[in-house]
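Trainee: Could we go through this one together and check the labels against their cut-offs?
Mentor: Happy to; have a look first.

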Amino acid sequence: MAPPAFSDIAKETNDVLGRDFFHLAPVSVDFKSVAPNGVAFTTKGKTANGKTSASLEAKYSDKPTGVTVTQGWNTANALDTKFEVVDALSPGLKSELSTSIVPGGKKDAKLNLYFSQPIVNARAFVDLLKGPVFNGDITVGQDGFTTGVSLAYDVKSAVLTNYSAGIGYKAPVYAISLIASNNLQLFSAGYYHKVSPTVEVGAKGTYDSKKATAPNPVAIEIATKYQLDPSAFFKVKVADSGVASLAYSQNLRPGVKLGLGAAIDTLKLSESAHKFGLSLSFSA
């Protein structure tokens with residue numbers, strides 16, 4: 001089994017702290033279905049910052065050839081197309097060409113490569129129209145340990161614009177990680193523990209060396225997830241900024257999931273700084 005990608009070294013911690021909190025949008029709805037010919041359709045809509053946005057996506061995979069085509073269209077009139085080819089050139093290699101076109105406006109094109117083997121995981125992302133700019137990372141791992149580096153390089157200017165490094169260890173019921181990002185100036189230490197089959201806990205501390213003289217140079221956040229039963233869970237997250245986030249997810253019936261979320265600024269209880277959200281997910 002390949003080690004995790006660089007962005008997933010702290011995945012267990014980040015999932016507890018960041019996933020399934022529904023207050024980020026007041027209302028969000030998504031619907032997934034699969035046609036008889038194998039085409040998967042995904043429709044999403046949400047309201048945020050006083051605006052409503054939506055997208056429609058169709059995805060078709062031809063398993064014998066390893067080719068997947070995804071076509072999307074959203075309310076910004078952007079046509080997003082992605083071609084994926086798996087194991088065609090070499091075992092463990094996935095190639096991906098992603099384009100986004102707004103008729104008469106913005107255009108983007110990116111070439112992405114993913115390569116994984118039992119002890120190595122490497123990725124390369126090339127923005128073909130900007131720069132071009134190369135982003136890449138590589139990790140090596142064995143027996144639960146993973147270490148890796150990431151960098152961003154402006155090909156036209158021949159300048160290394162960003163670099164990061166990280167190390168992590170994953171055991172059956174816990175995981176720890178240390179990531180140094182933003183040119184080794186931002187440090188994040190994460191911890192995850194599956195306390196029991198129904199309880200998970202995650203914590204992360206972040207130190208910004210640019211703010212070393214600030215009153216509180218280290219930011220701390222802690223979260224826990226409690227699985228009420230196979231169809232429902234509850235999450236709580238508390239940050240040193242004073243914001244407490246709550247989330248509740250319930251499978252109402254097969255294919256229908258309800259999510260409720262809130263973020264309460266405990267330092268500004270009398271002000272309108274709080275956020276609330278509702279999410280509905282349908283699948284067929």
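## Labels and the values behind them

Mentor: Glu-12 has a relative accessible area of 18% and counts as buried. Keep in mind that this is a predicted model.

Trainee: Why is Glu-12 called buried?
Mentor: Buried means under 20% relative accessible area. Glu-12 has 18%, so the label buried applies.

Trainee: What makes Glu-12 and Lys-170 a salt bridge?
Mentor: The cut-off is a Lys or Arg side-chain nitrogen within 4 Å of a carboxyl oxygen of Asp or Glu. For Glu-12 and Lys-170 the N to O distance is 3.2 Å, so the pair qualifies. Glu-12 belongs to helix 1 and Lys-170 to strand 11, so the bridge ties together parts 158 residues apart in sequence.

Trainee: How many salt bridges does a search of the whole structure find?
Mentor: The search finds 8. Another one of them joins Asp-137 and Arg-123, at 2.8 Å from N to O. That pair links strand 9 (residues 133-142), which holds Asp-137, with strand 8, which holds Arg-123, and the two residues are 14 apart.

Trainee: What makes Lys-237 and Glu-221 a salt bridge?
Mentor: Their N to O distance is 3.9 Å, and the limit is 4 Å, so the pair counts. The bridge links Lys-237 in strand 16 (residues 232-239) with Glu-221 in strand 15 (residues 218-229), 16 residues apart.

Trainee: Why is Lys-237 called buried, while Glu-221 is called partly exposed?
Mentor: Lys-237 has a relative accessible area of 16%, which is under 20%, so Lys-237 is buried. Glu-221 has 22%, between the 20% and 50% limits, so Glu-221 is partly exposed.

Trainee: What joins strand 7 to strand 8?
Mentor: There are 8 bridges between strand 7 and strand 8 (residues 120-127), which run antiparallel. By the two-bridge rule they therefore pair as well. They form a hairpin with 2 residues between them, and Tyr-114 stands opposite Arg-123 in strand 8.

Trainee: Which residues form the positive surface patch?
Mentor: Arg-19, Lys-32, Lys-44 and Lys-257 form it. A patch residue needs over 30% relative accessible area; Arg-19 has 47%, so Arg-19 clears that limit. Arg-19 sits in the loop between helix 1 (11-18) and strand 1 (27-34).

Trainee: Why are Asn-182 and Asn-183 called partly exposed?
Mentor: Asn-182 has a relative accessible area of 40% and Asn-183 has 28%. Both values fall between 20% and 50%, so the label partly exposed applies. Asn-182 is in the loop between strand 12 and strand 13 (186-196), where Asn-183 also lies. Neither is a glycine, yet phi is positive: near 50 degrees for Asn-182 and about 60 degrees for Asn-183.

Key: Residues numbered from 1 in each chain as written. Predicted model: local features only at pLDDT ≥ 70, side-chain atom pairs only at ≥ 80, totals over all residues. Heavy atoms only, no water. Patch = residues over 30% accessible without salt bridge, like charges linked within 9 Å, V, L, I, M, F, W, Y side chains within 5 Å. Areas by Shrake-Rupley, 256 points an atom, 1.4 Å probe, with all protein chains shown as cover. Lys, Arg positive; Asp, Glu negative; His and termini not counted. Charge placed at Lys NZ, Arg CZ, Asp CG, Glu CD. Helix = DSSP H or I, 4+ residues; strand = E, 2+ residues; numbered from the N terminus. Buried < 20%, exposed > 50% of the residue type's maximum accessible area, 1.4 Å probe, protein only.
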